[in-house]
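Student: I have a model open and want to talk through its packing. Can we start with the inside?
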Amino acid sequence: MLIELSIYLLTGVIAGFFAGLLGIGGGLIIVPVLTTAFVYFLHTPHLVHLAIGTSMATILVTAVASIRAHQKHDAIRWDIVKTLTPGILLGGLFGGWVSQFFNANTLAQIFAVIELIIAIKMLTDAQPNPHRELPGLAARSVAGTFIGAISSLVGIGGGALNTPYMVWHNVSVRQAIATSAACSLPVAAAGTLGFLIGGWNATDLPAYATGYIYWPAFFGIVVASFFVAPIGAALTHRLPVKLLKRVFGILLIILAIKMFWF
């Protein structure tokens, strides 16, 4: 149990740092690591579902810590958060609930493909049309619903999709990261509820699991990530984000390949 808890704590440190730094919620790291760890520590066919559901639950705590740190720099665009949140909540709840209809291999492959796409986007750093602006309320609602559903389904918190979406519409990188951190909260809330409901009647779940949330991993990760996420958030406003995005993109490719053969 000591080795298992140590893995969860270390995962929380790494995920919390990047969650605060890049506004990504941490799930891109948490899901692959938990999936691998659960193979050794849990005996259940629901490994990927538990990894994703637990990831969503941890993002609730990580997001709060990141929001507090970014708010000190007055970098969060609350006007964007307000317009995206209704769609994010709807999509997040749907994504978490519908996960019960996918088998573990399918979910792992969906996660890996999305992680690869995000990694390529980070590495290429394509620049938007300088005249592009965020669309109106209707289009933002559709975007929020899509982001919430996909993020919840694969447990990534939303920031990995929200940040590129905002930057593509010429929101500054630092504001996009901070705003994405705030948007991760409704994604995580809706997604966690969806995974609780989706896994409520699942059989062969391990002890200390409620629905698709495994509490030992949850507490181990959040204890570390809650204190580390503000450090990453503070460094967002000091370090060269472009270089960090490229390093993180390489890490995502490695983790994506691992998920293809979990």
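Tutor: Helices H5 (104–124), H7 (159–168) and H8 (173–198) each supply at least two residues of the lining of the largest cavity. Helices here are DSSP runs of H or I with at least four residues, numbered from the N terminus. A cavity is a set of points on a 1 Å grid over the protein atoms alone where a 1.4 Å probe fits but cannot get out, and lining residues have an atom within 4 Å of a point. The model is predicted: local features need pLDDT of at least 70, side-chain atom pairs count only at pLDDT 80 or more, and totals for chains, interfaces and linings use all residues. Residues are numbered from 1 along each chain as its sequence is written, and side-chain values use heavy atoms, without hydrogens and water.

Student: Which helix gives the largest share of that lining?
Tutor: H7, with five residues.

Student: What volume does the largest cavity have?
Tutor: About 130 Å³, taken as the space filled by probe spheres set on the points, which are joined across faces, edges and corners.

Student: Which lining residues are closest to its centre?
Tutor: Of twelve, Met 122, Thr 163, Pro 164, Val 167 and Lys 245.

Student: Switching topic, at what angle do H1 and H9 cross?
Tutor: The axes of H1 (residues 2–22) and H9 (residues 215–236) cross at roughly 30° and come within 6 Å. Axes are lines fitted to C-alpha atoms over the stretch in contact, with angles from 0 to 180 degrees between N-to-C directions. That crossing makes H1 roughly parallel to H9, a label for angles under 35 degrees.

Note on methods
Angles under 35 degrees count as roughly parallel, over 145 as roughly antiparallel, 65 to 115 as roughly perpendicular and the rest as oblique. On a 1 Å grid over the protein atoms alone, a cavity is a set of points where a 1.4 Å probe fits but cannot get out, and a pocket is an open set with protein on both sides within 12 Å along at least five of seven lines; lining residues have an atom within 4 Å of a point.
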